[in-house]
Amino acid sequence: MNELIDLTLVCILLGLASLSLFTQSLFRAVMFFILLGLILALVWIRLDAPDIALAEAAIGAGITGILLLDALAHLRATSNTPPQLRQLKQPRFWLALISGAGVILLLALAISEPLAPAVALDLQVSENLTNSGVTHPITAILLNFRSYDTLLEVAVLVLAALVAVTLRQSDEHPVVNEYLPNPLLHACLKLFFPMIFLVSMYLLWAGAAQPGGAFQAGAVLAAAFVLFYLVGLKTQLAQNDIYLKGGWIFGLALFVLVGSMPLLYGQPFLTYPDSQAGIFILLIELGLTLSIGWILFSMFLLSQSSPLQKKDSP
Amino acid sequence: MSSYLIFAYGGVGLCGIGVFGFILHTHLLRRLIAFNLLGSGTFLILVGLSQSGRGEADYIPQALVLTGIVVAVAATALALVLIRRWAALTQHATLPEDQGPS
């Protein structure tokens, strides 16, 4: 019975993947891709990974979907390449088919052999969990045992945002309808924003003991910012270069600062004292949530019509 | 066959479809979608395969995939900015070597 559900999910997954690549209209392709993200969230639930399911639904389907749709509208205005599938050339088709089939064959062969883990890392995780300051193993891994991963990951996010802002001073065609003049959305957002914020903070808080954490919370926050932007409540903060970039750096800076505090006591970088580890992790996660929300929102904002520089140089 | 392994094979399928689409298409946005499919397939293999060997949830690959998803969205956002810039400069959403003599 369970296998039936799994097989159905896999079939839907592969079907949606094919549709998102080979459907005629690019708009539909993006829609199928967003749907695929939602189905993937279900798959992660079946794989006993609720943390990834939350992240996939919020980041993979939500934020990526927003970015793709936004770019699609923009490409329609600027490029004269038809977004429809063109007449495909024969040699390219056969090359693609052979490569795709080859990848499937090789990977299927590779994973058909059962693998034995060389080092029992999970035992080490469960042994040290009591000293990590949190009770949820994934948060413990991300922010205590492997905190370098998370630190560098946030650095990657900041780097991507910096490159994006450098490229932005372009002659982009202004999108005429910049926001949705919808009074209902406007009123609803005012009602719902406290709730969205509460959900975000709850996800952050719950991350210590249950699925949740900074990334999911940051994505929810970013969605709230995007909604704000769409109804035309333009934040003055986003227009100011210092606040914009300061918001990106904030989480990373706090992480480095908190992480280097043990250095004062002769401990290595990013090793928290066992008794205060919980506070340290919560502090870092709060900074990360705000910064990740702000960076993801900026990524959406950066490609919008009014570059900052135009404000300064009339 | 455990349900973990089924999803690992599903990930294999996603990887194959992703590679197929990435080579086949010339439109950059479609290529980006194909690239994301390839990434999702990799994540599924990573978690599914490791858990099928143990028969229970394995938190270490899950944490790695969580990091991977966030990096993937950063890469996607960056690619979209590049594609837009390219389209604004050249009025094309394909690369010059793919545009053909038409």
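Modeller: A residue is called buried here when its relative accessible area is under 20%, exposed when that area is over 50%, and partly exposed in between. Please keep in mind that this is a predicted model, and that the values below are computed from it.

I begin with the extent of the interface, where 91 residues of chain A are in contact with 73 residues of chain B. Between them the two chains bury about 7,400 Å², and 77% of that area lies on carbon and sulfur atoms. On the side of chain A, Leu21(A), Arg92(A) and Ile111(A) supply 10% of the area that this chain buries against chain B, which is more than any other three residues.

Turning to the polar side of the interface, nine residue pairs are found in polar contact across chain A and chain B, counting pairs with both residues at pLDDT 80 or more. Helix α3 (residues 50–78) of chain A gives the largest share of the side of chain A that touches chain B, namely 15 residues. The count of salt bridges between chain A and chain B is one, and in it the side chains of Asp70(A) and Arg84(B) meet at 2.9 Å, N to O. Both Asp70(A) and Arg84(B) are buried.

Over all chains, the search of the whole structure finds three salt bridges. One of them lies within chain A, where the side chains of Arg46(A) and Asp6(A) meet at 2.8 Å, N to O. Because Arg46(A) lies in helix α2 (residues 26–46) of chain A and Asp6(A) in helix α1 of chain A, this pair ties together parts that are 40 residues apart in sequence. Arg46(A), at 25% relative accessibility, counts as partly exposed, whereas Asp6(A), at 0%, counts as buried. The bridge between Asp70(A) and Arg84(B), by contrast, crosses between chains, from helix α3 of chain A to helix α3 (residues 59–90) of chain B. Arg146(A) also forms a salt bridge, with Asp149(A), and the closest N and O atoms of that pair are 2.8 Å apart. Here Arg146(A) is partly exposed at a relative accessible area of 39%, and Asp149(A) is partly exposed at 22%.

The aromatic side chains return us to the place where the chains meet. Rings are paired when their centres lie within 6.5 Å, and by this rule there are 12 aromatic pairs over all chains. Among them, Phe22(A) and Phe20(B) form a tilted pair, with 5.4 Å from centre to centre and 55° between the planes. Since Phe22(A) lies in helix α1 (residues 2–22) of chain A and Phe20(B) in helix α1 (residues 3–24) of chain B, the pair joins two chains. Phe22(A) is partly exposed, with a relative accessible area of 30%, while Phe20(B) is buried, at 13%. Phe20(B) also pairs with Phe93(A): the ring centres are 6.0 Å apart and the planes stand at 75°, so this pair is edge-to-face. It too crosses between chains, from Phe93(A) in helix α4 (residues 90–111) of chain A to Phe20(B) in helix α1 of chain B. Phe93(A) counts as partly exposed, at 28% relative accessibility.

Within chain B, the charged end of Arg31(B) sits over the ring of Phe22(B), 5.6 Å from its centre. In chain A, one aromatic cluster is formed by Phe225(A), Tyr229(A), Trp294(A), Phe297(A) and Phe300(A).

Definitions and conventions. Residues are numbered from 1 along each chain as its sequence is written. Chains are lettered from A and ligands numbered from 1 in the order in which they are written. This is a predicted model: local features need pLDDT of at least 70, side-chain atom pairs count only at pLDDT 80 or more; totals for chains, interfaces and linings use all residues. Side-chain values use heavy atoms; hydrogens and water are left out. Rings of Phe, Tyr and Trp (its six-membered ring) pair if their centres lie within 6.5 Å; planes under 30 degrees apart count as stacked, over 60 as edge-to-face and the rest as tilted. Helices (H or I, at least four residues) and strands (E, at least two) are DSSP runs, numbered from the N terminus. Buried means under 20% relative accessible area, exposed over 50%, partly exposed in between (1.4 Å probe, protein chains only). A charge sits over a ring if NZ of Lys or CZ of Arg is within 6 Å of the ring centre and within 35 degrees of the ring normal. Contact means heavy atoms within 4.5 Å. Buried area is the accessible area (1.4 Å probe) that two parts lose on being put together, summed over both. A salt bridge is a side-chain nitrogen of Lys or Arg within 4 Å of a carboxyl oxygen of Asp or Glu. A polar contact is a pair of N or O atoms within 3.5 Å; within protein, one must be able to donate a hydrogen and the other to accept it, and residues adjacent in sequence count only if both atoms are side-chain atoms.
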